[in-house]
Structures are given as C-alpha cells and as structure tokens.
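Let's take a walk through a protein fold, one piece at a time. Keep the picture open while you read.

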Amino acid sequence: MAPVSTPSGPLVVDAHHHLWDLSARDQDWITGPALAPLRRTFTEGELRAEAAAAGVAATVLIQTVTVADETPEMLATARDSDLIAGVVGWTDLTAPDVADTLASLLALPGGDHLVGIRHQVQSEPDPAWLLRPDVRHGLTAVADAGLAYDLVILPHQLPAATKAARELPELTFVLDHAAKPPVASGDLEPWAADLRAFAALPNTVGKLSGLHTEADWRAWTVRDLRPYADTLLDAFGPSRVMFGSDWPVCTLAASYGRTLATAGELTEALSPGERAAVFGGRAMRTYRLGERVARRAGRPAVT
C-alpha cells in the first residue's frame, strides 16, 4: 500500500484505537461468541508493534467504558508512550461539576494529552439524549476546556447530533465510524442524507473508521465499503475527514495492516494533499497533536 504519504514522506496518524486490561477492569460490552476474540488484554506494546509495521507515526487513544478511573489511566499510558499523542476520555457530562472534573483531568500527569471527551451515546435509549439540558451543559464545558467531542452514535441518532452541533458552534463534534451505517445491508438512505446534514455544519469532522466491522466480517470487500466511504468523503470533504483503525475492534474483520491498506484503497482517487489530511493533517489539527507529532517525526508542526 504505497500511497498513504504526505508530500514530505509517510506520516500516518491513527486517530482512533483502544487499549484495555481485563485484569484491571472488565469490558462489559464484550459479550457473546462473536466478540470472543476481543475478550483479552490489548496493550500499548502490542499496538506499537502493529503501528510500526504499518508505518503509523502517532495515535489517539479512545475511551471504551463509562468509568471515571479509565481516563486518568489512559492519560498515564499516553504520558509514558512514544506513540500515543492524544487521549479522548470519558466523564459524566450530566454532572453539575463537569467543568471542575475536566480541569482536574487536564491537571493530572499526562493531562496535556487529553484532547477530547466521548460517551457511549449509541447505548442511550433516548434518541435525543444529546439535546437534554444537562448534557448540553456538559458539552458546553467540553468546549470551554478547549476539547473536542467524539460522537459514537447510530444512524437514527444523527438528527439529534446535527441539532446539538448547530446549537453549539463553539464545540467541534467528531463523528466516529461515520455513525455506523448499514454496510451489511447495502442501504444508503436515510443514513446518507442525515450524514450530509450533519457534515454541512462547519464544526463537524468525520472519521474514516469502523466501516468493515459494519459489513459481513468474513466476506466484505472494498467494493462493499466504497459507497459509504465516498459519501463520507464527499459530505465532509477530505480536509475534514481523519483515518482511524478502531483497533483492536477492527480485528474482528481485518488485521491492523489490512485496515490501513483498505483506507488507502478507499482514498486512492484523492490528491496527495487530500490524502495527507485524511491520514494525519486533520487529526493533528482537530486534536491539537501537531507540535507533539511533528517533534517526534522531526518536521514542522501542522497548524
């Protein structure tokens, strides 16, 4: 997969992956035989080996559970890692003292790696959860702290996400996994129309991530994913899309290397500058990673 490179050579940022240690904490979402391959510990060292083999320069570590202790642990891992450049953590957005909690997280050792907050909105039964007054208060606190907000939602929750993003223009909303479109069925609508409405707002960004785990895990092809990737890239424009592996969840359907190679195929029609944005530039801007990543790579910072 030659082509995921910037004009100055390869510089790939994986803007979405996870780590977990089952001896420290259960991952209660890993249930049933289909997810059994994920029921083990995944370490920074294992990720580092995968990233090095794939030519990935830096990564963003994303929360997995709604447990307050996880975020400080991730910040400590990032502090000690020469690979993890940013952390998207979790805090209770509905708590009255959410602003104080965010300030405390930023003040922790490794707190300078905190670049965003995420909540498992996809699991909330209320499709308008993002519009609740207490949630809006929390999202405002995220914006005031200078952080982004990652959205992990399902297609039917896109309209509420669009309204929230419209009402909070000061907050950058990052859409994980393109809102998990129905790749397995091949249906595009109403997902595509709702995605375009969300992407029309200037404070939104999309992730080219997680598409093949929404397809048939054993039989998917790049052709199956292309309509969804093309819609994502067209709706946001390549300059507002970032690549994420979703490792180790991606391994249910493909290895780390194949996941990156597939993203390369899905973006092969883009210009070198557009590919540079997808595979590094956008993540560095949105998550403010430029100086840290550039320092490691020995290049000028992306601003």
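Predicted model: local features only at pLDDT ≥ 70, side-chain atom pairs only at ≥ 80, totals over all residues.

## A walk through the sheet

Now zoom out. Eight strands make up an open sheet, and the order across it is E1-E2-E3-E4-E5-E6-E7-E8, with parallel pairing. At the edges sit strand E1 (12-17) and strand E8 (241-243), each of which pairs on one side only. From one strand to the next, the twist averages 25°.

Here are some of the joins between strands, side by side:

| Strands joined | Bridges | Direction |
|---|---|---|
| E3 and E4 | three bridges | parallel |
| E4 and E5 | four bridges | parallel |

Let's stop at strand E4 (114-119). How many of the six residues of E4 are buried? Six of the six are, so E4 is largely enclosed by the rest of the structure. To get there from E3, the chain crosses through H3, and this β-α-β crossover is right-handed. The next step also has a helix in it: E4, helix H4 (residues 133-144) and E5 make a β-α-β unit that is right-handed.

On one side, Gly116 in E4 is the bridge partner of Val88. Gly116 also has a bridge partner in E5, namely Ala148.

Next, the helices. In helix H2 (residues 70-79), the buried residues are Glu70, Thr71, Met74, Leu75 and Ala78. Why can we say that they line one face of the helix? If you look down the axis of H2, its buried residues fall within an arc of 135°, so they line one face. And what covers them? Among the elements doing so are E2, strand E3 (84-89), helix H3 (98-107) and E4. That's E4 again, the strand with six of its six residues buried.

Finally, look for helix H8 (residues 256-266), which lies across E1, strand E2 (56-62), strand E7 (204-208) and E8. Relative to E8, helix H8 runs at about 150°.

Key: Residues numbered from 1 in each chain as written. Heavy atoms only, no water. Pairing = 2+ DSSP bridges. Helix = DSSP H or I, 4+ residues; strand = E, 2+ residues; numbered from the N terminus. Axes fitted to C-alpha atoms, helices over the stretch in contact; angles between N-to-C directions. Contact = heavy atoms within 4.5 Å. Buried < 20%, exposed > 50% of the residue type's maximum accessible area, 1.4 Å probe, protein only. Arc of directions from axis to C-beta. Right-handed = clockwise from strand over helix to strand, strands pointing away.
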